[in-house]
Amino acid sequence: MKKTHFEVAVVGCGSIGLASAYYLARNHGIHDIALIDSGQPMAFTSAQSGENYRNWWPHPSMVAFTNRSIDLLEEIALQTDNRINMNRRGYALATRSDDIGALVKQLHEGLGEDAARLLRYHDDAQASHYERPLQAKWQGVREGVDILRNQDLIRTVFPSYAEDIQSIIHIRRGGDISGQQLGMVMLEHLKSVGAQRISGVVKGIRADAPFTLEIHDEESGSMQITADKLINAAGPFAADIAEMLGQQLPVFNTFQQKIAFEDRANAIPRDMPFSIDLDEQQIDWLPDERELLLEEPDFAWLAETMPGAIHCRPDGGDNGSWIKLGWAYNDKHAAPSRDLPLDDNFPEVVLHGAARLNPSLKAYYGQLPRSMHHYGGWYTMTEENWPLIGPMEADGAFMNCAMSGFGTMSACGAGELCAAWVAGAELPGYADDFSLARRDDAALMQLLHAGSKGIL
């Protein structure tokens, strides 16, 4: 007879749901877990991840949270002979301005009293104390942040960058991993301890103890399961699950896109860090292209000033040949769907935008490889762009959601934190900041709404 009652039901088998279950099992010995998703694990939003990580945030709680998550990623890398392909070339934030006081202020706010120790300035062309990110290794890399303010040095260290770049903020505890391999490591452990996958869409939840979940699957039909506790890790559908429990979550969704393609022109050095052009720009369309855009009301915005934070990085390691480009410029709220609303114009838009920092990308104007992968995913977020992790209003229900664009880097820390809430274990000092309790802290909320949200 098929099992229908579980100690914990996890709704959503992306990186966040799997991590929540993984740390319930690893840290608290809770193995009687149902993993519920309509598709294969890691196949929806988590499959569209940029797979990057960094500990750069303009608030100490987010710095502590992501540092802890990176600690846990490192543990998994060590335990699995780096099966997750962790590397650490960092995040290079580039700007054409020599006035970076606001950025440095954010670094001080995030690093707190450690800022004086962790911030290093390089104002001369030699920079004998600056370590170049020549190797992809993640062990033995310096902590902290290197701030480069000499253009000769910048041209030497980052030869693909445009010559007008005046300042680089190089976040050293950053890089990328294989999100899919991270998910597989967690899923394999969960299978080994008896956690069970259930395929289907949750259509309804009765919140009386225990929770009763109505699940429908296209092939096997409908079924009911019960669970003593429930974790809402449903990603872009987290608000729908919350409504079934009689609660409104303060979240919304935007759709963001990326492209990846084989760099046959060798436009991007394989040792380039994850690179972000911080500056606003007007995309360098040809004059006739710009005129055509301006004539079309639906596309005129593409000829106007665009936001910064476009990013580019090599993909596939030092011996690979692909690159990834992304630009989270969409700020329109939308109802999530499993049919992803990809924009056919995005590849050329992001390519033209990224070529401002790396002009060698112009080699691909109008001739992106046919094998290019154009993909996208939902950014589920709160207005302050902090996650929601902790108890929901229904007794025994917990949430682990709203990690817009930082789910891969936060998965382990979020999973560990959520598992501690569920198990009634000791919580870290930042726990309340990521629960709904923060909304009762007027000073914190005012600070978060007034400051940088760290959206990339």
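This is a predicted model: local features need pLDDT of at least 70, side-chain atom pairs count only at pLDDT 80 or more; totals for chains, interfaces and linings use all residues.

What follows is a chat about salt bridges, a strand, a surface patch and some backbone angles.

Visitor: How many salt bridges does the structure hold?
Guide: Side chains of opposite charge can pair when their charged atoms come close. The cut-off used here is a Lys or Arg nitrogen within 4 Å of an Asp or Glu carboxyl oxygen. Counted that way, the number of salt bridges is 24.

Visitor: How many residues apart are D277 and R96?
Guide: Their side chains meet in a salt bridge, at 2.9 Å from N to O. D277 sits in strand β14 (residues 274–277), while R96 is in the loop between β4 (91–95) and α3 (101–111). So this pair links distant parts of the chain, and the separation is 181 residues.

Visitor: Are D277 and R96 buried or exposed?
Guide: The label "buried" needs a relative accessible area under 20%. Both D277 and R96 come out as buried.

Visitor: Which strands does the salt bridge between R313 and D176 tie together?
Guide: The two side chains meet at 3.8 Å, N to O. The partners are 137 residues apart in sequence, so the pair ties together parts in two strands: R313 is in β15 and D176 in β8 (residues 174–176).

Visitor: Which residue meets D315 in a salt bridge?
Guide: Look for a side-chain nitrogen facing the carboxyl oxygen of D315. The N to O distance is 3.3 Å, and the residue is R313.

Visitor: How many residues of strand β7 are buried?
Guide: Take β7 (residues 167–171) one face at a time. On one side S167, I169 and I171 are buried, and on the other I168 and H170 are buried too. Both faces are covered, and the count is 5 of 5.

Visitor: What is the relative accessible area of E296, a member of the negative surface patch?
Guide: The patch is formed by D288, E291, E295, E296 and D298. E296 lies in the loop between α8 (287–295) and β15 (310–315). Patch members need over 30% relative accessible area, and E296 is partly exposed at 43%.

Visitor: What is phi of A309?
Guide: Most residues other than glycine have a negative phi. A309, in the loop between α8 and β15, is buried with a relative accessible area of 15%. Its phi is positive although A309 is not a glycine, at about 75 degrees.

Visitor: And where is N385, which also has a positive phi?
Guide: N385 has a phi near 60 degrees, and it is not a glycine either. This residue is buried, with a relative accessible area of 0%. Its place is the loop between β17 (373–381) and β18 (388–391).

Conventions. Residues are numbered from 1 along each chain as its sequence is written. Side-chain values use heavy atoms; hydrogens and water are left out. Patches are made of residues with over 30% relative accessible area and no salt bridge: like charges are joined within 9 Å, nonpolar side chains (Val, Leu, Ile, Met, Phe, Trp, Tyr) within 5 Å. Accessible areas come from the Shrake-Rupley method with a 1.4 Å probe; for residues, only the protein chains shown count as cover. Lys and Arg count as positive and Asp and Glu as negative; His and the chain ends are not counted. The place of a charge is taken as NZ of Lys, CZ of Arg, CG of Asp or CD of Glu. Helices (H or I, at least four residues) and strands (E, at least two) are DSSP runs, numbered from the N terminus. Buried means under 20% relative accessible area, exposed over 50%, partly exposed in between (1.4 Å probe, protein chains only).
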